[in-house]
Amino acid sequence: MQNFLSIWEDKAFEYQTMSMQLLARQVVICNSPDTVRHAFVTHAENYERKSPQMRNALSPLLGDGLFISDGATWKQRRQMVVPVLHTSRLGQFAPVMVQTASELGDRWAALPDGSAIDVLKAMAQLTAEIIGRTVFGQTLGSDRTQEVVEAFSEYQKYVDQRDLTSLLGLPSWIPRRHGAKIGQSAARIHAILDGIIADLRRTEDDGSVIRMLMKDGSLDATALRNEAAVIFMAGHETTANCLAWAWYLLSQAPDVEARLHEELDTVLGARAPTLADVPNLVYTRAIIEETLRLYPPVPLLAREATHDDTIRSRQVKAGALVIVVPWLLHRHRLYWRKPDHFMPERFLPGSPDAPEKYTYVPFSIGPRICAGLSFGLTEAIICLATLARTAKLRLAPGAVVEPVCRLTLRPGDTLPMTVSARTARPDAQAVPPAAPAQGCPVHHG
């Protein structure tokens, strides 16, 4: 698809529910706190299954992996994956995040001021390398990291969530558009993951996530690779997009950037962050959370109804697609003040503009909430703090940024920016008052 975001009319940012018939399927949009809670929490069992479009888009890559499985398979995999990505293990993961981000910061520092870089690619390689070191327990190396990043990007280019074959209710074995190219991209990723897993089987490194999954013994080689692919995709792609969007927004909002620098100078001075610093990086976290609001990495969460139901007096038939669209919900005019403005302050403790629980769902919500939520949020905070402490990025002259939605929400296929050195001020004393609201450079109206 060219751009899923462009299909929504202006009024969609005010509607609380929508219903339509799309070819052979009923489609219901949940766009209010009560309808989101109904579908994803109180009646989650009826809407556990991902949409046929999502399953067909990702099954060549993920097989029966956690992200698209359901029923007994999903419950088994969820019970296995959640403990190995739990918040209690961040103490093991955080130093790897800091080290990997610091290495990128050092490479940027060696460049002449004003050097051109592709920030989307840089963030994808950074987060892929972090996943490589934490999940697989080894350095991927620049060649292998670049190949994975390129293969994931290629895979997304050919995936079509419109998938008319699924909307018509036709079986999954019917050939899809670009099926051969999707298969080739998936095969590239599988080959790399298989090689890494084979290496791990020969080592005694019990600290990696994959080694911990191996210990259970219930996953065969294919299932283990499927879960590795899920973790790799979710762990590197979504965080990379979030960081790329954050750099873009900061380059357009100098007051927000100045307040970020003040916080980093106050909390960190001239040193890199640690996990212990994260609770004190409240404005850095607010920037990440506001970025996730404006540009949710997964802007559409679609499920298939198992049984008939009623949502706000609307009859929902078994087999209907029930969709929560964070792109709409996060910019909804009833639930957000200045919904199209970049205002990190709304996520600060005690803010009167703090979101209601079911109006902000960047990691989904309910039983299928992202298992790596704490990992991803901590990673984004640490990476932004580590790099912004010593570098400033600016959008390249003439560059035009347009959000493109495939599987995830990206700032196009590249994000050309320039990098310059920044010297931290270890003598900073206090964080300045709130920065004025910045109009979001890309909005719907």
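Guide: Here is a walk through the aromatic pairs, the charges over rings and a cysteine. A word on the ground rules: this is a predicted model, where local features need pLDDT of at least 70 and side-chain atom pairs count only at pLDDT 80 or more, while totals for chains, interfaces and linings use all residues. Residues are numbered from 1 along each chain as its sequence is written, and side-chain values use heavy atoms, with hydrogens and water left out.

The structure holds nine aromatic pairs; rings of Phe, Tyr and Trp (its six-membered ring) pair if their centres lie within 6.5 Å, and planes under 30 degrees apart count as stacked, over 60 as edge-to-face and the rest as tilted. Take F152 and F232: their ring centres are 6.0 Å apart and the planes make 15 degrees, so this pair is stacked. F152 belongs to helix 6 (residues 142-158) and F232 to helix 10, so the pair ties together parts 80 residues apart in sequence. Helices (H or I, at least four residues) and strands (E, at least two) are DSSP runs, numbered from the N terminus. Both F152 and F232 are buried, where buried means under 20% relative accessible area, exposed over 50% and partly exposed in between (1.4 Å probe, protein chains only).

Now for Y295 and W327, with ring centres 6.3 Å apart and planes at 40 degrees, so the pair is tilted. Y295 is in the loop between helix 12 (282-294) and strand 5 (301-304), and W327 is in helix 13 (residues 326-329), so to speak a link between distant parts of the chain, 32 residues apart. Y295 counts as buried because its relative accessibility is 0%, and W327, with a relative accessible area of 3%, is buried too.

Next, the charges. R331 lies over the face of W327, at 4.2 Å from the ring centre; a charge sits over a ring if NZ of Lys or CZ of Arg is within 6 Å of the ring centre and within 35 degrees of the ring normal. R293 does likewise over W336, at 5.0 Å from the ring centre.

C242 sits in helix 10 (residues 221-252) and counts as buried because its relative accessibility is 3%. Leaving aside neighbours within four places in sequence, C242 is in contact (heavy atoms within 4.5 Å) with I288, T291 and L292.
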